[in-house]
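These entries record what I looked up, item by item.

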Amino acid sequence: MSPDKNVESVREKLLQRSIVGLDKYKVTTERTDLTDIEWLRHCQEEMMDSAVYLEVIIKRMEKK
């Protein structure tokens with residue numbers, strides 16, 4: 001357990017995300033069936049989703 005509450009919060013969220021992912025996809029990130037390019041594409045897709053989520057919040061904050 002981390003003495004830093006923020007680190008501990010992220011650690012707990014990672015654990016929960018891992019559990020949900022295993023339940024949903026039936027595999028962990030230790031899988032070996034994806035190429036490096038496929039891993040990079042997954043990461044890129046996640047980052048693009050993040051950019052959209054950030055845009056939503058920025059637009060909301062700009063309206064205030």
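**Entry 1**

I note here that the model is a predicted one.

**Entry 2: the helices and the overall form**

I counted the secondary-structure elements and found 2 helices and 0 strands in the chain. I then looked up the radius of gyration, which is 16 Å; the globule rule gives 11 Å for 64 residues, so the chain is more spread out than a compact globule. Along the principal axes, the C-alpha atoms fill a box of roughly 45 × 35 × 20 Å. Of the 64 residues, 5% count as buried.

I also checked the length of H1. Its 21 residues should span 30 Å at 1.5 Å a residue, and the end C-alpha atoms are 30 Å apart, which agrees.

**Entry 3: Glu8**

I placed Glu8 in helix H1. Is Glu8 buried or exposed? Its relative accessibility is 13%, and because the cut-off for buried is under 20%, Glu8 counts as buried. I also recorded a polar contact of 2.6 Å between the side chains of Glu8 and Arg11. As a general point, an α-helix has 3.6 residues a turn, so residues three or four places apart point the same way.

**Entry 4: Lys26**

I next asked which residue follows H1. It is Lys26, and I found this residue in the loop between H1 and H2. Phi of Lys26 is positive, near 65°, in a residue other than glycine. I set beside this the general rule that most residues other than glycine have a negative phi. Lys26 has a relative accessible area of 59% and is exposed, the cut-off for exposed being over 50%.

**Entry 5: the largest pocket**

I looked up the largest pocket last, and its space comes to about 700 Å³. The pocket is lined by 18 residues, and those closest to its centre are Arg17, Tyr25, Thr29, Trp39 and Glu46. By class, I noted 9 nonpolar, 5 polar and 4 charged residues in the lining.

Which helices supply at least two residues each to this lining? Both helix H1 (5-25) and helix H2 (36-63) do. H1 gives the most, with 8 residues.

Notes. Residues are numbered from 1 along each chain as its sequence is written. This is a predicted model: local features need pLDDT of at least 70, side-chain atom pairs count only at pLDDT 80 or more; totals for chains, interfaces and linings use all residues. Side-chain values use heavy atoms; hydrogens and water are left out. On a 1 Å grid over the protein atoms alone, a cavity is a set of points where a 1.4 Å probe fits but cannot get out, and a pocket is an open set with protein on both sides within 12 Å along at least five of seven lines; lining residues have an atom within 4 Å of a point. Grid points are joined across faces, edges and corners, and a volume is the space filled by probe spheres set on the points. Helices (H or I, at least four residues) and strands (E, at least two) are DSSP runs, numbered from the N terminus. Ala, Val, Leu, Ile, Met, Phe, Trp, Tyr, Cys and Pro count as nonpolar, Asp, Glu, Lys and Arg as charged, and the others, Gly among them, as polar. The expected span of a helix is 1.5 Å times one less than its number of residues. The radius of gyration is taken over C-alpha atoms; the globule rule is 2.2 Å times the number of residues to the power 0.38. Buried means under 20% relative accessible area, exposed over 50%, partly exposed in between (1.4 Å probe, protein chains only). A polar contact is a pair of N or O atoms within 3.5 Å; within protein, one must be able to donate a hydrogen and the other to accept it, and residues adjacent in sequence count only if both atoms are side-chain atoms.
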